Amino acid sequence: MFIQLFLVCFLVFAQNANATPVGGYVPINDKEMIFSYSPSTMELQRYQDSLYYFQTIFKGTFFQAMQFCKFHGMELVSIESKDENDFLHEALSKFLTAGDYLFWSSGIKVEPDNRWEWMGTGKPISYFNWLAGQPGNTATERYLELRHLNANREIVYNDQVVTQANYAICEVSIPKTINL
Ligand SMILES: [Ca+2]
């Protein structure tokens, strides 16, 4: 089914090559738009109904990382299970050269009760995989950093300050059409 969706997406995109994209959406006709990617040549990883982009070109603050993903019609990643964590670790291991890499996710700690939420989905974080000794729980460490460490076989979490300069993992659901 997903393959069919992709084919539809690409066929539609090809037919509308001259159409002007609007906020990540490309017009199909005067009633429908289909979600597309900018640029379409980005190398995306797939797990279930999500696509991911590993941004390792520059390091930025949490909000710079968020801005980068949104510019490309994506969100900062939300990891909703151990399986998704395992997939991302394996995909990153193939993508990266040896070393330790720090990425922003969409996780934030929200007032007033300091619950962790995924901004990418708006849902509470239900699966945590904290780095040993974390979270530090200081007043300013309210943003969820993902660490892909040489020594670990999974991605581990750290609560981090907003100004930390990190890479980013972006995520988007499989393309879908919307009715206008
Ligand atoms: Ca911390």
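**Notes on the predicted model**

1. Gln-48 sits in the loop between E3 and E4, and in this predicted model its phi is near 50°, a positive value in a residue other than glycine. The residue is exposed, because 12 other C-beta atoms lie within 10 Å, and 12 or fewer is the condition for that class. The two strands on either side form a hairpin with 2 residues between them, Gln-48 being in the turn. E3 and strand E4 (residues 50–60) run antiparallel and are joined by 3 bridges, with Arg-46 standing opposite Leu-51 in E4.

2. Leu-44 belongs to the loop between strand E2 (32–35) and strand E3 (45–47). Its 16 C-beta neighbours inside 10 Å make Leu-44 partly exposed. Setting aside residues up to four places away in sequence, Leu-44 touches Leu-51, Tyr-52 and Tyr-53, and its C-alpha is 7.9 Å from that of Phe-54, a residue 10 places away in sequence.

3. On the pairing of E4 with strand E10 (residues 166–173), the model shows 7 bridges and an antiparallel arrangement, within which Phe-54 stands opposite Ile-169 in E10.

4. The largest nonpolar core has 26 residues, and those that touch the most other members are Tyr-52, Ala-65, Cys-69, Leu-76, Ala-168, Ile-169 and Cys-170. Two or more residues each are given to this core by E4, helix H2 (62–71), strand E6 (101–110), strand E8 (143–148), strand E9 (156–160) and E10. Ala-168, leaving aside neighbours within four places in sequence, is in contact with Gln-55, Ala-65, Phe-68, Cys-69, Leu-76, Phe-103 and Trp-104. As background, nonpolar side chains tend to be buried together in soluble globular proteins.

5. In H2 the buried residues are Phe-62, Ala-65, Met-66, Phe-68 and Cys-69. Viewed down the axis of H2, these buried residues fall within an arc of 160°, so they line one face of the helix. Among the elements covering them are E4, strand E5 (75–76), E6, E8 and E10. After H2 comes Gly-73, which has a positive phi near 70°.

6. The bond joining Glu-111 and Pro-112 is cis, with omega about 0°, and Pro-112 is in the loop between E6 and strand E7 (115–118). A cis peptide bond also runs from Gln-134 to Pro-135, where omega is near 5°, and Pro-135 lies in the loop between E7 and E8. Asn-137, placed in the loop between E7 and E8, is not a glycine and yet has a positive phi of about 60°. Asn-137 is exposed, with 10 other C-beta atoms within 10 Å.

7. Taken as a whole, the chain has 3 helices and 11 strands, in the order α-β-β-β-β-α-β-α-β-β-β-β-β-β from the N terminus on. Of its 180 residues, 27% are buried. Where contacts between residues at least 6 apart in sequence are considered, 65% join residues at least 24 apart.

8. Finally, on confidence, the mean pLDDT of the chain is 85, and 79% of its residues reach 70 or more. Over residues 5–19, however, pLDDT stays under 50, and the model has 13 contacts beyond four places in sequence for this stretch. Where pLDDT is low, the predicted coordinates should not be read in detail.

Definitions and conventions. Residues are numbered from 1 along each chain as its sequence is written. This is a predicted model: local features need pLDDT of at least 70, side-chain atom pairs count only at pLDDT 80 or more; totals for chains, interfaces and linings use all residues. Helices (H or I, at least four residues) and strands (E, at least two) are DSSP runs, numbered from the N terminus. A residue is buried if 20 or more other C-beta atoms lie within 10 Å of its own, exposed if 12 or fewer, and partly exposed in between; C-beta atoms are placed from the backbone. Two residues are in contact if their C-beta atoms, placed from the backbone, lie within 7 Å. Two strands pair if DSSP finds at least two bridges between them. pLDDT is the predictor's confidence in each residue, from 0 to 100. A nonpolar core is a set of buried Ala, Val, Leu, Ile, Met, Phe, Trp, Tyr and Cys residues joined through C-beta atoms within 7 Å. The arc is that of the directions from the helix axis to the C-beta atoms.
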